[in-house]
Amino acid sequence: MKADSPVVVAEGVGRAVRGRSILDGIDLVVRAGERWGIVGPNGAGKTTLLHLLALLVPPTAGRLAVFGLPAGGRIPVAVRRRLSVVFQDGRLLSGSVLRNVALPLRLRGVPRREARRRAERWLEAFGLLALAGRRAGSLSGGERARLNLARALAVEPELLLLDEPFAAVDASSRKPLQTLLRSIVEREGTTLVLISHDYRDLLALTDQVLVLAGGRAVDRGPTAALWARSSRVQALFPDGFGSIAKAGGPGPATDAAAGVIDEGDEGGR
Amino acid sequence: MDLIGIALREAWGLVRSGDAELWEIVALSLRLAGWTMGLTLLLGLPAGLFLGFGRFPGRRPLLFLAHVGMGLPPTVVGLWVALLFWRSGPLGELRWIYTPRAMVVAEVILTLPIVVALVATAIESRRAKLLPLLLSLGATPLQMLWLTLREIRLSLLTAVMAGFGRVFSEVGAAMMVGGNIKGETRTMTTAIVLEVSKGQFDRALALSFVLLGVSLAITLLLTAVQRAGGGEGEGGGGMG
C-alpha cells in the first residue's frame, strides 16, 4: 500500500447495541504505516472501536471505510485478509501451536509445506519453536500472547489490530516483546492500532494516541507529547504509566453514568 | 446369583458357537443403528448448524422443541409412526409397517432432537468468540463451516454416542413399528423382551450381556476416536 494513503477513515462513527450507545461520533484517519494507540478507562468503547476497524461489526452511525471499502455491507474475504487481529482474550484454535500459526496461511491457499516453513519461522522469532508440537490450549498466558502475535504477523498483514496483546506477559518479557514487535512493524511498514492499559506499551510502539471516554474521543495527539500535556491521560494513570485507573477516569462522564455497555458485553452476543 | 452365572455361561456359549439367530439379531441392531445415525446426522447436522449460527425469529422456540424432543417417549413415537405406516394410515401404501424401514423412521425421530440440540448448543456456546476469530483469520464461509465443525468435533461425537445409545437401548418404538418378527425386525432389545415374556430369563440375561458388550465396544471405539482427535475448545481463553 502506498505510504500515507488512508487505511482507515472514520467520520462520526458510532455503534449502538439494542438502543444503547457504545461508541459515538468517532473521527479517525489512520494512514499506511502509522502506529496508533487507543487508551481509555474500562468500558470506554476501545474494543468495540477495534472490532469496527477489523470489520467484525458494522457501525450504526457515521461512515467508516477500511482499505477504501465502506464498512457495513458485505466484506470480501480478500479485504479481511489484509488485516490481522489479536483479541483481548488471546483466542486460540484447537490443535497444536504450529497449526495455529499455519492455519491462516493455509486458509489463504499457501501450500502445506510452505505454510509450515513460514509458521516455524514466526514461531522461532517469538521463541516458541520448541513448543510447536504442543497443544495450544496447554500454553501459559505469556506463551499464548506470543503465539497470538506470531499468528497475527505470519500472514504479513497491512493493518495489525492489537487488543491488550501484552496483558498476560510478565514484566521481564514485556520489553523484549515490544522491541521485537516494533522492529517487525517498522521493517514491514505495517499499520498498527494498539489498545493497551499500559502507557509504556503505547510509548514503545505508537506515534499517535486516541483517548476514549464514555464512548467518545476526548483527546488525541503524539504519544509522548500527549502524556506530557494531557491531564486526562495522566488521570488515567494516577500511579504511573503502567497502572490505569480501574473505574471512572477522565472525560465528561464515567461509563456507568453515560449508560455505556462494556465492550466485552457485545462480544458475548 | 446362579441365574446370572448360567446366563453368563450361555452368553459366552452363544458368542463362541456363532449362534446364527443371535448374530442375525446383532447384525440387524447394528444395521438399524448405522442407518439411523447416518440419516440423523444428514438431517441433524445442517439443522443444528442452522439453529446454532442463525439469528431469526422463532429460533429459540425451535431450540426449545429440540431440547424437549430429547426426552420424547419411544412408545409414543412408536405409536404415531405405526399409525402413519399402518395399512390404512396416510403412508400405508408404502407397506413399511413391520419392516426395518419403519423402525429407522421411528429411531430417527427419537435421535434427531439429540443431535440437533447438542450441535446447536455446542455452536451457540462458542459462536461469540469463534466467529470473529475465524473471520479475522480470513476464512471463507465454507472454511468457517469446516473449522467450526472441527472445533465442535467432541460435541459431535458426544451427540453420535448419545444417539447410538438411544437406538441400542430403545425397545418401545422398535416393538410397535417393527413387530419383533424373527429374522426381519427382531433387535437385541426386542429379543430380550420376548425371552422374558416366555420366562426364558437365562437366555434374556445372556442377550443382555451381549447387548452390553456391543454397546461397550461401540462406546470404546468412539471414545478412542475422540481421544485421537485431541482437545476441543478451551473456553474463555480461546477455542484451542
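**Entry 1: terms and ground rules.** I call a residue buried under 20% relative accessible area, exposed over 50%, and partly exposed in between, with a 1.4 Å probe and protein chains only. I note that this is a predicted model, in which local features need pLDDT of at least 70, side-chain atom pairs count only at pLDDT 80 or more, and totals for chains, interfaces and linings use all residues. Residues are numbered from 1 along each chain as its sequence is written, chains are lettered from A and ligands numbered from 1 in the order in which they are written, and side-chain values use heavy atoms, with hydrogens and water left out.

**Entry 2: Glu156(A).** I looked up where Glu156(A) sits, and found it in the loop between α5 (141–154) and β7 (159–163) of chain A. Helices (H or I, at least four residues) and strands (E, at least two) are DSSP runs, numbered from the N terminus. Is Glu156(A) buried or partly exposed? Glu156(A) counts as partly exposed because its relative accessibility is 41%. Its phi is near 50 degrees, a positive value in a residue other than glycine.

**Entry 3: Tyr98(B).** I then turned to Tyr98(B), in the loop between α4 (74–85) and α5 of chain B. Phi of Tyr98(B) is near 60 degrees, again a positive value in a residue other than glycine. At 31% relative accessibility, Tyr98(B) is partly exposed.

**Entry 4: chain A.** I listed eleven helices and ten strands in chain A. Chain A has 269 residues, and 54% of them are buried. Its accessible surface is about 10800 Å², with 50% belonging to carbon and sulfur atoms. Such areas come from the Shrake-Rupley method with a 1.4 Å probe, and for residues only the protein chains shown count as cover. I also checked contacts, meaning heavy atoms within 4.5 Å. Of those in chain A between residues at least 6 apart in sequence, 65% join residues at least 24 apart.

**Entry 5: chain B.** How many helices and strands does chain B have? I found ten helices and zero strands. Its C-alpha atoms fill a box of roughly 65 × 45 × 25 Å along the principal axes. Chain B has 240 residues, of which 47% are buried. The accessible surface of chain B comes to about 11600 Å², and 71% of it belongs to carbon and sulfur atoms. For contacts in chain B with a separation of 6 or more, 75% are between residues 24 or more positions apart.

**Entry 6: the cores.** In soluble globular proteins, nonpolar side chains tend to be buried together. A nonpolar core here is a set of buried Ala, Val, Leu, Ile, Met, Phe, Trp, Tyr and Cys residues joined through side-chain atoms within 4.5 Å. The largest one has 80 residues, and those with the most contacts inside it are Leu64(A), Leu83(A), Leu159(A) and Leu161(A). Helix α5 (residues 100–136) of chain B gives the largest share of this core, nine residues. Not counting residues up to four places away in sequence, its contacts include Leu50(A), Leu53(A), Leu83(A), Val85(A) and Val193(A). A second, separate core has 50 residues, among them Phe126(A), Leu139(A), Leu149(A) and Ala150(A).

**Entry 7: inside chain B.** I picked Thr40(B), which is found in helix α2 of chain B. Thr40(B) is buried, with a relative accessible area of 0%. Beyond four places in sequence, Thr40(B) touches Leu45(B), Val108(B), Thr111(B), Leu112(B) and Val115(B). Next I looked at Phe209(B), in helix α10 of chain B. Phe209(B) counts as partly exposed, because its relative accessibility is 26%. Leaving aside residues up to four places away in sequence, Phe209(B) touches Ile4(B), Ala7(B), Leu8(B) and Ala11(B). Phe209(B) and Leu8(B) are 201 residues apart in sequence, yet 7.2 Å apart in space, C-alpha to C-alpha.

**Entry 8: helix α9(B).** Which residues of α9 (residues 188–197) of chain B are buried? They are Met188(B), Thr189(B), Thr190(B), Ala191(B), Ile192(B) and Glu195(B). These buried residues pack against α2 (20–53), α7 (153–169), α8 (172–178) and α10 (201–228) of chain B. Gly199(B) follows α9(B), and its phi is positive, near 80 degrees.
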